Amino acid sequence: MSRRRGRAFLVHILSACVMGHGLMYTERNPIDKTIANRISEHKSVLTLYLSIQALVASWAYIVLSLIQDMFPTTRRYLHPLKRVLSMVFLPMGFVVSSVYWSLRLFAPSLILFPAEISPTSPTPVHGLVKLPLLADIAMHLTPMLSLLTDFVFFEPKFSARQMAIAPVIMIAYAVLYATAVEYFASQSGFFPYPFLDASSFPTRLAIYTGASCIGLGCLMFLNRLHSARW
């Protein structure tokens, strides 16, 4: 194994372990179980959290990278899938991290659940439930940092052709997500995120559109930065 591949392997194994902790936490977390009890037949709400989507997809990306590190001949088969995952979930991870930590610091009631929803959860903070620090980092920061590190140091930039189709892919994903969230709310009476509950329909449309534009802008900036760096 070359020195560069060795460094990539260490980054990938560390990322996989940290995100694996986040995945196990979502499985065992009392908050998730309480939500599942609250919404009974609407347990699929957990799949509507962008943090969960980014965590699962980023972990899958890193696992594919580990396989590629250990078996370089698999690159021709795994790399196209990795590029698609990176194109979608690198900018999504940026959006998740920036929105979550901004609201977490300055408007926590818009992103954290009220303590009464989960009385058996970790110690409530100011009436809200705070995740353990490692789980918080694993779910809301590591996916973005892992994909960003891999993209900048171990992957080539996206080609002009790939960047041309990126807006189509991201817009389609955003439309599907917004439709799923709005449909879920129409059936259950609430949204996955408190800040969506507190927003009117035009405001929610602005949020969906703004998040998509921020994600696309992030991808374009990182690709240009990658070009300048190399």
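The questions below concern helix packing and salt bridges in a predicted model.

Q: Why are α3 and α4 called roughly antiparallel to each other?
A: Helix α3 (residues 50–70) and helix α4 (residues 75–106) pack at an angle of about 150 degrees, with their axes 9 Å apart. Angles over 145 degrees count as roughly antiparallel, and α3 and α4 are therefore described in that way. Their crossing is left-handed.

Q: What makes the contact between α3 and α4, and which classes of residue does the contact have?
A: Residues of α3, including Leu50, Ala57, Tyr61 and Leu64, meet residues of α4, among them Leu78, Lys82, Leu85 and Phe89. By class, this contact has 12 nonpolar, 7 polar and 2 charged residues.

Q: Why does the pair of glutamate 155 and lysine 82 count as a salt bridge?
A: The side chains of glutamate 155 and lysine 82 meet at 3.1 Å, N to O, and a salt bridge requires such a nitrogen within 4 Å of a carboxyl oxygen. Glutamate 155 lies in the loop between α6 and α7, whereas lysine 82 lies in helix α4, so the pair ties together parts that are 73 residues apart in sequence.

Q: What makes Lys82, Arg83 and Glu155 a network?
A: Glutamate 155 meets lysine 82 in a salt bridge and also forms a salt bridge with arginine 83, where the closest N and O atoms are 3.5 Å apart, so that these residues are linked in a network that ties the loop between α6 and α7 to helix α4.

Definitions and conventions
Residues are numbered from 1 along each chain as its sequence is written. This is a predicted model: local features need pLDDT of at least 70, side-chain atom pairs count only at pLDDT 80 or more; totals for chains, interfaces and linings use all residues. Side-chain values use heavy atoms; hydrogens and water are left out. Axes are lines fitted to C-alpha atoms, for helices over the stretch in contact, and angles run from 0 to 180 degrees between N-to-C directions. Helices (H or I, at least four residues) and strands (E, at least two) are DSSP runs, numbered from the N terminus. Angles under 35 degrees count as roughly parallel, over 145 as roughly antiparallel, 65 to 115 as roughly perpendicular and the rest as oblique. A crossing is left-handed if the near helix is turned anticlockwise from the far one by less than a right angle, and right-handed if clockwise. Contact means heavy atoms within 4.5 Å. Ala, Val, Leu, Ile, Met, Phe, Trp, Tyr, Cys and Pro count as nonpolar, Asp, Glu, Lys and Arg as charged, and the others, Gly among them, as polar.
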